[in-house]
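Reader: I have a model open and would like to go through it with you. Could we begin with the chain as a whole and then turn to particular places?

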Amino acid sequence: MSLDGVRVDTSYFTPDTPGRHPAVLLGHGFGGSKDDVRDQAESLARDGYAVLTWSARGFGRSTGKVGLNDPDAEVADVRKLIDWLATQPTVQLDKPGDPRVGMAGASYGGAIALLTAGHDSRVDAIAPAITYWNLSDALFPNGVFKKLWAGIFVNTAGGCDKFEPAICAMYERVAESGIPDAAAEKMLEERSPAAVGDRIKVPTLLFQGQTDSLFTLDQSDAAAKAIKANGAPVDVDWIAGGHDGGNLETDRVQSRVTSWFDRYLKDDKSADTGSAFRVTRTLGATTSSSGETEQRTRGVTEDTYPGLESEQRTVALTGRREQSFANPAGANPPAVSALPGLGSAAGGLAQLSSLGVSVSLDFPGQYASFESAPVEDDLQITGSSTVTVHVKSTTDDAVLFAKLYDVGPDGRQQTLPSQLVAPIRVEGAKAGKDVDITLPAIYHEIDDDHRLRLVLASTDLGYASPATPATYTVSLKGDGLKVPTALSEDRAQTPLPSWVWWLPLTGALIALLLILTGRRRTAAPAAPEPALAEVPLQITDLSKRYAKSTDRYAVKDLSFRVEKGQVLGLLGPNGAGKTTTLRMLMGLIKPDGGEIRVFGHAIAPGAPVLSRVGAFVEGAGFLPHLSGRENLELYWQATGRPPEDAHLEEALEIAGLGDALARAVRTYSQGMRQRLAIAQAMLGLPDLLILDEPTNGLDPPQIREMREVMIRYAAAGRTVIVSSHLLSEVEQTCTHLVVMDHGQLVQAGPVGEIVGSGDTLLVGTAEPVTEPVAEKVAALPGIASAAVTDDGLLVRLDADGSAARLVAELVRLEVPVTSVGPHRRLEDAFLTLIGDHA
């Protein structure tokens, strides 16, 4: 289409069904074209929408200069596209010249949706993603120039001459001085949705990325507050990825956009638009069958959007009262937080922080730090923490970079959530002044025994900072760090279905009937072996055939031994025979050959020595209306053993349920139910505790709690056997391993012997690494070895090495890094042992 002398390249997609349909305009990201949204356009057309896509000025096959969504250029173009839609026989009209139309898009395309909604009242609903509300705030946060991202913007467009001349001149002026001036801020503000925020009054679905140092979560927060104040419905969705990489959740996002338009364009009141607030929690990573790393996520929802400073909790910080540090000449070497341009590849460096790996780097003498005491209860941060500091400089102006680290129990390993940093320009710092700092908004959980570390640095790779050398002196003011803790409490439980109430009672009646009518069948036990009286478990040549088979075995010739105080992990792929082995161990089924001895006594159904064994297999059934304590007391009464033998208080202390024991089980989270089930298995403090998949259905904090329960239990000299498919947890929890495959023993021994030792990292690269480059990496300080792999490098650190310094050196060597992550040693060892059967 020709629009005021500019040719705009468009595509139009219509439904197969006849008649008029709501229309959707789909915008593309910066540097892209209409082709980037073709798949979504075709999907929406199949769902009954007339969809118009276009390439913005200066991109794709469209002509004209890039105006950064100039109201008189790009926004005017879209208004003419709406005019065109109003003339199409396939488009539903609210009135002549006014089509029923929605707009969606990501980044640059999300901003044009917001801007058009503010400039043209014909827009009926919008769904912008990972975009900006105020472009000046995004590129000049707190008066500091975000130079790396700004440079990427210009480069992505094809150079400065691709922009409107006034924009190019502004960029060159700010890039040269390093300081954004009032004219630059005004120019970007006029091209921002915030300039027409009071006129956006349509239903708005906002997606924003957690791993995004370009358009941070505070951009969508400002948009949500402004649009909601206008009386329009607003939902907010924090996705896992962003401009720094990670999982963009494309399928889920597009599905929710379609539902949003179904509700507000088709007027389908039955359409499920989702919760007012949703945030994606990254649980970890797995390796797919194709060898690619895939993140495991789940959604957490809330009926209202909490904002960024909800339910604040004050955390005290300690450190030297006044700390002085240098701003080096030329602001060099700079500290490292986010690495724009590296994170956009699969995985994303910023996403590593959710997996416990940090690529940040602070140089000694160039920062101050203040630290909290260890966190006693998990601390969920949802939003922006705030703190007040006093800043003094030997120069008039100072620029600080504030970041909040999650520090491990050892005090050395630290993670910078989403690799985000807050820049602050302090004018008049020579006289000294108090400064209120708002840290980047994050969604991050601080585990028990971890600490919060506030770092104020003088430089950062992504930003322009003063080149004049100076000394900054900072001290804390006020009560400490204020941390937003919305979503930290256990979420409300879904109402229990009716069968949950009557099923345990039915099961109890059936059990009673079996007891009354059944016959006790016990075999004459073999004589005890005194030499094994102190050995918790000895399995010798154990075999079990499949039913109706003479030569197919579920378990065959299995032998291993478990000593006191060990936490033994039983590993193997599905069908390896793990559960069959555990069922024989508990006397539930009889072996066809071999024997099992517990503390020297042979195991058979009903063997007295089984009283020294506690087991948790496939979950426990609890009466939901009774408290946790009442359930445990009732269970112990059913065993017929004396109450004093239960050691109820000891079991409860190990399980760590605290005050929750007095509450009805129906109010428990999944993690609390699992811990209650473990406490039930520990009643009587059995010398041998058997746990089959105890972490099923738990999120990372709950898994960590279960890990601590097992370690505490074994610490008193008792023995734990755990079967689990979570290899990373087994590696952290277990002292010994037994690996099975096809019913047979593959390997047994201490974890360290099976998985090996060393701190090894996998470095993914955009292109193959040559041997000479690998040799240069291997020669770096802190590197023990470096080897070329199909996807990059396998780097082993020595005692002085760190992931942060490795990344900094790789960037210096111009290695095209796309991802850095821990080498999953147990997973690799397991796959090596099991091979294709895994």
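Author: Buried residues make up 53% of the 838 residues in the chain, where buried means under 20% relative accessible area, exposed over 50% and partly exposed in between (1.4 Å probe, protein chains only). This is a predicted model, in which local features need pLDDT of at least 70 and side-chain atom pairs count only at pLDDT 80 or more, while totals for chains, interfaces and linings use all residues. Residues are numbered from 1 along each chain as its sequence is written, and side-chain values use heavy atoms, with hydrogens and water left out.

Reader: How many helices and strands are there in the chain?

Author: The chain has 20 helices and 39 strands. Helices (H or I, at least four residues) and strands (E, at least two) are DSSP runs, numbered from the N terminus.

Reader: And what share of the contacts is between residues 24 or more positions apart?

Author: Such pairs account for 76% of the contacts in the chain with a separation of 6 or more. Contact means heavy atoms within 4.5 Å.

Reader: Let us take the six-stranded sheet. What is the order of its strands?

Author: The order is β31-β32-β33-β28-β34-β35, in an open sheet with mixed pairing. Two strands pair if DSSP finds at least two bridges between them. At the edges stand β31 (613-617) and β35 (744-750), each with a single partner strand, so one side of each has no neighbour in the sheet. On average, neighbouring strands of this sheet are turned by 15° against each other, direction ignored.

Reader: Which helix packs on that sheet?

Author: Helix α14 (residues 670-682) does, touching β31 and β32, and its direction makes about 155° with that of β31. For such angles, axes are lines fitted to C-alpha atoms, for helices over the stretch in contact, and the values run from 0 to 180 degrees between N-to-C directions.

Reader: How many bridges join β32 to β33?

Author: Five bridges join β32 (residues 688-692) to β33 (residues 719-723), and the two strands run parallel. Within this pair, Leu689 stands opposite Val720 in β33.

Reader: What about Ser627, where is its place?

Author: Ser627 is in the loop between β31 and α12 (628-639). Its relative accessibility is 10%, so Ser627 counts as buried. Not counting residues up to four places away in sequence, Ser627 touches Leu661, Ala662, Arg663, Ala664 and Val665.

Reader: There is a four-stranded sheet as well. What is the pairing there?

Author: The pairing is antiparallel, in an open sheet with the order β27-β26-β29-β30. Its edges are β27 (553-562) and β30 (601-602), each with a single partner strand, so one side of each is left without a neighbour in the sheet. Four bridges join β26 (residues 537-545) to β29 (residues 593-598), and the bridge partner of Ser543 in β29 is Gly593. Helix α11 (residues 578-585) lies across β26, β27 and β29, at about 115° to β26.

Reader: Changing topic: which cysteines form a disulfide?

Author: Cys160 and Cys168 do, with their sulfur atoms 2.0 Å apart. A search of the whole structure finds one disulfide, defined as a pair of cysteine sulfur atoms within 2.5 Å.

Reader: Is the disulfide of Cys160 and Cys168 right-handed or left-handed, and why?

Author: The torsion about the S-S bond is about 125°, so the disulfide of Cys160 and Cys168 is right-handed. Cys160 is buried, with a relative accessible area of 15%, and Cys168 counts as buried at 13% relative accessibility.

Reader: Next, His21. Is His21 buried or exposed?

Author: His21 counts as buried, at 8% relative accessibility. His21 lies in the loop between β3 (10-13) and β4 (23-27). Leaving aside neighbours within four places in sequence, its contacts are Pro15, Gly48, Tyr49, Ala50, Thr90, Val91 and Gln92.

Reader: Which backbone oxygens does the side chain of His21 reach?

Author: The side chain of His21 reaches the backbone oxygen of Thr17 at 3.0 Å and that of Gly48 at 3.5 Å.

Reader: Finally, which residues of helix α19 are buried?

Author: In α19 (residues 803-812) they are Ala803, Ala804, Leu806, Val807 and Leu810. These residues cover an arc of only 165° around the axis, which puts them on the same side of α19; the arc is that of the directions from the helix axis to the C-beta atoms. Just after α19, Glu814 takes a positive phi of about 60°.

Conventions. Polar contact = N/O pair within 3.5 Å; in protein donor to acceptor, adjacent residues only side chain to side chain.
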